[in-house]
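Visitor: I have a few quick questions about this one. Can we go through it piece by piece?
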Amino acid sequence: MVQECSNPECDRTIRRWSLYPNYCSQYCDLFVAQGRAIINGKEKFGKHQFVGFNWMPKIMVDCQWCGKPNCTLTNSVDNKNGNSVFCDINCRNEGWKGKNTQKHYWLLRTLQKLKRPVVAGDMARYMEEKAGCIAGSSRMVGSIMRSYIKHGFVTRTQTNRESTTYEWTYRGIPIPLCKIIRQVRGSAGQKGNLTR
Ligand SMILES: [Zn+2]
Ligand SMILES: [Zn+2]
């Protein structure tokens with residue numbers, strides 16, 4: 001069954017593995033949550049010839065590397081190349097540094113956004129949808145989650161062999177996800193929460 005996006009200004013449908021249950025994209029989720037409206041060309045420029053030239057406003061979100069609210073979302077479904085994740089090319093280069101960082105990012109992002117326990121196999125599917133060509137498995141999810149569990153960001157909420165679930169349980173001050181990934185990977189072997 002095809003589900004329509006709940007943003008009244010959007011005519012897209014929702015893909016199977018969307019991180020935003022009622023919306024096609026982070027953009028539409030925030031557009032509604034922030035009570036945004038279409039920018040009217042006539043009102044903005046005061047000229048009748050601009051009637052009909054309406055457009056969707058840009059929405060700013062926090063960069064997942066530097067944490068500044070300078071990351072620009074435009075009216076589209078989340079793309080796969082990280083443009084909706086970082087504020088600029090420098091943050092993108094830093095943020096994605098390290099082997100398999102995008103896998104870590106999209107797995108953690110899935111838990112953070114869905115705000116509920118997610119079965120490992122489903123996490124792999126969400127990650128594949130967001131990261132394009134990257135393939136995942138429950139086993140891979142389990143091995144990546146191990147260090148985030150140890151540092152208190154994630155909890156394994158069910159350990160049934162067929163349906164191990166993971167949940168984002170970190171409630172401390174917000175830290176950009178790619179910073180968390182960098183710190184957790186840089187502290188292999190240490191226990192407990194990270195120092196900031
Ligand atoms: Zn939409
Ligand atoms: Zn940045």
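Guide: A definition to begin with: a residue counts as buried if 20 or more other C-beta atoms lie within 10 Å of its own. Also, this is a predicted model.

Visitor: OK, what share of the protein is buried?
Guide: Of the 196 residues in the protein, 30% are buried.

Visitor: And how many helices and strands?
Guide: The protein has 7 helices and 5 strands. Their order along the sequence is α-α-β-β-α-α-β-α-α-β-β-α.

Visitor: Start with helix 1. Which residues are buried there?
Guide: Helix 1 covers residues 26-33, and its buried residues are Gln-26, Tyr-27, Cys-28, Asp-29 and Phe-31.

Visitor: What covers them?
Guide: The cover over the buried residues of helix 1 includes strand 1 (59-61) and strand 2 (71-73).

Visitor: What follows helix 1?
Guide: Gly-35 follows helix 1, with a positive phi near 60 degrees.

Visitor: Different topic. How do helix 5 and helix 6 cross?
Guide: Helix 5 (residues 120-131) and helix 6 (residues 138-150) have axes that come within 8 Å and cross at roughly 95 degrees. Angles of 65 to 115 degrees count as roughly perpendicular, so helix 5 is roughly perpendicular to helix 6.

Visitor: Which residues make the contact?
Guide: On helix 5 they are Ala-120, Gly-121, Met-123 and Ala-124; on helix 6 they are Ser-138, Met-140, Val-141 and Gly-142.

Visitor: How many of those are nonpolar, polar or charged?
Guide: The contact of helix 5 with helix 6 has 5 nonpolar residues, 3 polar and no charged.

Visitor: Last one, on contacts across the protein: how many join residues at least 24 apart?
Guide: Among contacts between residues at least 6 apart in sequence, 45% join residues at least 24 apart.

Conventions:
Residues are numbered from 1 along each chain as its sequence is written. Chains are lettered from A and ligands numbered from 1 in the order in which they are written. This is a predicted model: local features need pLDDT of at least 70, side-chain atom pairs count only at pLDDT 80 or more; totals for chains, interfaces and linings use all residues. Axes are lines fitted to C-alpha atoms, for helices over the stretch in contact, and angles run from 0 to 180 degrees between N-to-C directions. Helices (H or I, at least four residues) and strands (E, at least two) are DSSP runs, numbered from the N terminus. Angles under 35 degrees count as roughly parallel, over 145 as roughly antiparallel, 65 to 115 as roughly perpendicular and the rest as oblique. Two residues are in contact if their C-beta atoms, placed from the backbone, lie within 7 Å. Ala, Val, Leu, Ile, Met, Phe, Trp, Tyr, Cys and Pro count as nonpolar, Asp, Glu, Lys and Arg as charged, and the others, Gly among them, as polar. A residue is buried if 20 or more other C-beta atoms lie within 10 Å of its own, exposed if 12 or fewer, and partly exposed in between; C-beta atoms are placed from the backbone.
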